[in-house]
Amino acid sequence: MDCSPPGSSVHGIFQGIILEWVAISFSRGSSRPSFLALGRGAVQTYEPIVKVPENRPAKLSCSYSGFSSPRVEWKFTHGDIRGLVCYNNKITASYENRVTFSDSGITFHSVTRKDTGMYTCMVSDEGGNTYGEVTVQLIVLVPPTKPTISVPSSVTIGTRAVLTCSEKDGSPPSEYKWFKDGVEMPVEPKSNRAFSNSSYTLNPKTGELTFDPVSASDTGDFTCEAQNGYESPMRSDTVHMDAVELNVGGIVAAVLVTLILLGALIFGIWFTYSRGYFDRAKKGTSSKKVIYSQPSARSEGEFRQTSSFLV
């Protein structure tokens, strides 16, 4: 028997619709609390994005209301990695030494870069009639290290040259800038008069700088800088690159030397045949003869030389 007052079920439905609409409104780019509500329950977080330096504690908030007997789960995702942090109000074995559960969220005692990812707090009643969830993004801040670069020492004008820059330790991932002779290279070379004669593409996400084609003005000293918004940017060593003309004279000289050597080899073979050196060598080897005679019958126990070889 339903003991609720008249109109209470209708009121509950409208309450759920209103809460869900507010949840969507708050969760789209707002710094105010975001939450998702279904039925009469509401789940919210007061900090959808948490940024914490490595080896520091981090609190991921998740508060809820409207649940008679709430069951809380926390799930972790980062790319293809999945994990369960909390199940039925209890921290799982893989996190129990690092994370503490409370009615207001979970707390990491000390975070590492591997903890970066999305954490979803899901709350439901035991009967399953009420459900709500909210997602918190944790970003563990790690400063970038000195980037390594690959720059060819010499490239031919008119060809394609690729310069690379990378560092793997920064969190969030670093973005990259390139400098030529101490001047920052813009993403669009035509936007700066100093690089208007150069044809290159620069990818700040990957750190790849591609010249296609290389021009004479691309000669210079190149440096790369990595930054991720946490602490100071880090610069690489400076490497010099020369853009040189194609050495046509050297190529022609190499071809001529090759042809001369090949001609000398052919002449040597012809001269040897014409003098009969190969025929004499054949006659010398065929003059030796081997004579073999059958052994004659001999009595048992008798031993004597019964065959001979004459050379």
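1. Let us begin with Cys-62 and Cys-121, which form a disulfide with their sulfur atoms 1.9 Å apart. Cys-62 lies in the loop between strand 4 and strand 5 (63-65) and Cys-121 in strand 11 (residues 117-125), so this pair ties together parts that are 59 residues apart in sequence. The torsion about the S-S bond is about -70°, so the disulfide is left-handed. Both Cys-62 and Cys-121 are buried. Please keep in mind that this is a predicted model.

2. The structure holds 2 disulfides, and the other cysteines to look at are Cys-165 and Cys-224, joined with an S to S distance of 1.9 Å. Cys-165 belongs to strand 15 (residues 161-166) and Cys-224 to strand 20 (residues 220-227), so the bond ties together parts that are 59 residues apart in sequence. With a torsion of about -85° about the S-S bond, the disulfide of Cys-165 and Cys-224 is left-handed. Cys-165 is buried at a relative accessible area of 2%, and Cys-224 is buried at 0%. Counting bonded cysteines along the chain, the pattern is 1-2, 3-4.

3. What about Cys-86, and which cysteine sulfur is closest to its own? That sulfur is in Cys-121, 8.1 Å away, which is too far for a bond. Cys-86 counts as buried, with 0% relative accessibility. In strand 7, Cys-86 stands opposite Trp-74. The strands concerned, strand 6 (residues 70-78) and strand 7 (residues 81-87), pair in the antiparallel sense over 5 bridges.

4. Now for the sheet around that pair: 6 strands form an open sheet in the order 3-12-11-6-7-8, and the pairing is mixed. Strand 3 (49-53) and strand 8 (90-91) are at the edges with a single partner strand each, so one side of each has no neighbour in the sheet.

5. Another open sheet has 3 strands in the order 4-10-9, with antiparallel pairing. Its edges are strand 4 (58-61) and strand 9 (99-102), each with a single partner strand, so one side of each is left without a neighbour in the sheet. From one strand to the next, the twist averages 15°. Strand 4 pairs with strand 10 (residues 105-108) over 4 bridges in the antiparallel sense, and Lys-59 stands opposite Thr-107 in strand 10.

6. Is Ser-236 buried or exposed? At 8% relative accessibility, Ser-236 counts as buried. Leaving aside residues up to four places away in sequence, Ser-236 touches Lys-146, Pro-147, Ile-149, Thr-223 and Cys-224.

Notes
Residues numbered from 1 in each chain as written. Predicted model: local features only at pLDDT ≥ 70, side-chain atom pairs only at ≥ 80, totals over all residues. Heavy atoms only, no water. Pairing = 2+ DSSP bridges. Helix = DSSP H or I, 4+ residues; strand = E, 2+ residues; numbered from the N terminus. Axes fitted to C-alpha atoms, helices over the stretch in contact; angles between N-to-C directions. Buried < 20%, exposed > 50% of the residue type's maximum accessible area, 1.4 Å probe, protein only. Contact = heavy atoms within 4.5 Å. Disulfide = S-S within 2.5 Å.
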